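The paragraphs below go through the packing of the helices and then the pockets. Please keep the sequence and the model in view while reading.

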Amino acid sequence: MKKAILSSLLLLLISFGTQAQMEEERLGWKENVLTWSDFKGTPDPASPFAANTSSGISYGWSMKGSAAGKEYTYEVTSFFIPGKSWVKGGSASANLLAHEQLHFDITELFARKLRKALAEFDFVNARNLKADLQALYKHAEKERALMQQKFDVETRHSMNAAAQLEWQKLIKEELSKLEKFSS
C-alpha cells in the first residue's frame, strides 16, 4: 500500500514538474527565427485577433565585493514564450508571421535599450540601487508596451502591409543602432 501511494505521489510530482517546464519554455531572441511551430499555445476563441505573441524582458544584477572594491554585473534577456503564443487555424500566413516576429523584435529592441541604460548606469553612486534599477526596467517595459500598441494600431494587426513594411525598416534600423547591446 505504501509503495502504491509513493509511486502515485512520484508520478504526480514528475507530471507536475513536466507541466511546469512546458509552461516555462522560453526562446531567446534571434533575428527572423520564429516559425509557426513555435506558437504552441491554445488560441483564445474570444479574441478578435488571428495570433498572439507572448514575449518579455527579464533582468538580473549582482554585486560582489573584492579587495579592489565592489563589482556589479547584470544580465538582460528578451524571450518568447511558446506555450502562451498562439495562432488560429487557417490564419498562419507569412505576412502574419512577419507581424508576430516584429512584436518579438520590438521586445529585443527594448532589451537592448535596457542593456544600454544599465551600461551607462552609475552603480557606485546610486542612492537606492534596487529601486533605481527597478525604475530603469519599468521604464523600458512601459515604452515597450507603448510601441507594441502603436505598431498594432498603425499596421491594423498586420492588415496594412505598407505600414508593416515601414515598421520592419524602422525596427531593423533601431536594432542596428543598438547592435553593441545585442544579446
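In what follows, Ala, Val, Leu, Ile, Met, Phe, Trp, Tyr, Cys and Pro count as nonpolar, Asp, Glu, Lys and Arg as charged, and the others, Gly among them, as polar. The model is predicted, so that local features need pLDDT of at least 70 and side-chain atom pairs count only at pLDDT 80 or more, while totals for chains, interfaces and linings use all residues. Residues are numbered from 1 along each chain as its sequence is written, and side-chain values use heavy atoms, with hydrogens and water left out.

Two packed helices are described by the angle between their axes and the distance between the axes. The axes are lines fitted to C-alpha atoms, for helices over the stretch in contact, with angles from 0 to 180 degrees between N-to-C directions; helices (H or I, at least four residues) and strands (E, at least two) are DSSP runs numbered from the N terminus. The axes of α2 and α4 come within 10 Å and cross at roughly 30 degrees, and these two helices are therefore roughly parallel to each other (angles under 35 degrees count as roughly parallel, over 145 as roughly antiparallel, 65 to 115 as roughly perpendicular and the rest as oblique). Their crossing is left-handed, a term for a near helix turned anticlockwise from the far one by less than a right angle, with right-handed used if it is turned clockwise. On the α2 side the contact (heavy atoms within 4.5 Å) includes His99, Leu102, Asp105 and Ile106, and on the α4 side it includes Gln164, Trp167, Ile171 and Leu175. By class, this contact of α2 with α4 has seven nonpolar, five polar and four charged residues.

The axes of α3 and α4 come within 8 Å and cross at roughly 150 degrees, which makes α3 roughly antiparallel to α4. The crossing of α3 and α4 is right-handed, and in it Met147, Lys150, Phe151, Glu154 and Thr155 of α3 meet Ala163, Gln164, Trp167 and Ile171 of α4; five of the residues in this contact are nonpolar, two polar and two charged.

The helices α2 and α3 pack at an angle of about 155 degrees with their axes 10 Å apart, and are therefore roughly antiparallel to each other, in a crossing that is right-handed. Among the residues that meet here are His99, Leu102, Ile106 and Phe110 from α2, and Leu136, Met147, Phe151 and Asp152 from α3. The contact of α2 with α3 divides into 13 nonpolar, five polar and three charged residues.

The pockets can now be set against these helices. On a 1 Å grid over the protein atoms alone, a cavity is a set of points where a 1.4 Å probe fits but cannot get out, whereas a pocket is an open set with protein on both sides within 12 Å along at least five of seven lines, and lining residues have an atom within 4 Å of a point. Grid points are joined across faces, edges and corners, and a volume is the space filled by probe spheres set on the points. The largest pocket has a volume of about 370 Å³, and of the 22 residues that line it, Phe49, Ala51, Glu100, Asp152 and His157 are the closest to its centre. Two or more lining residues come from each of β2 (51-52), α2 (94-120) and α3 (129-155), with the largest share, five residues, from α2. The lining holds seven nonpolar, twelve polar and three charged residues.

The second largest pocket contains about 320 Å³ of space. Of its 17 lining residues, Glu31, Asn32, Asp105, Lys172 and Leu175 lie nearest its centre. Both α2 and α4 (161-177) supply at least two residues of this lining, and α2 gives the most, with six.
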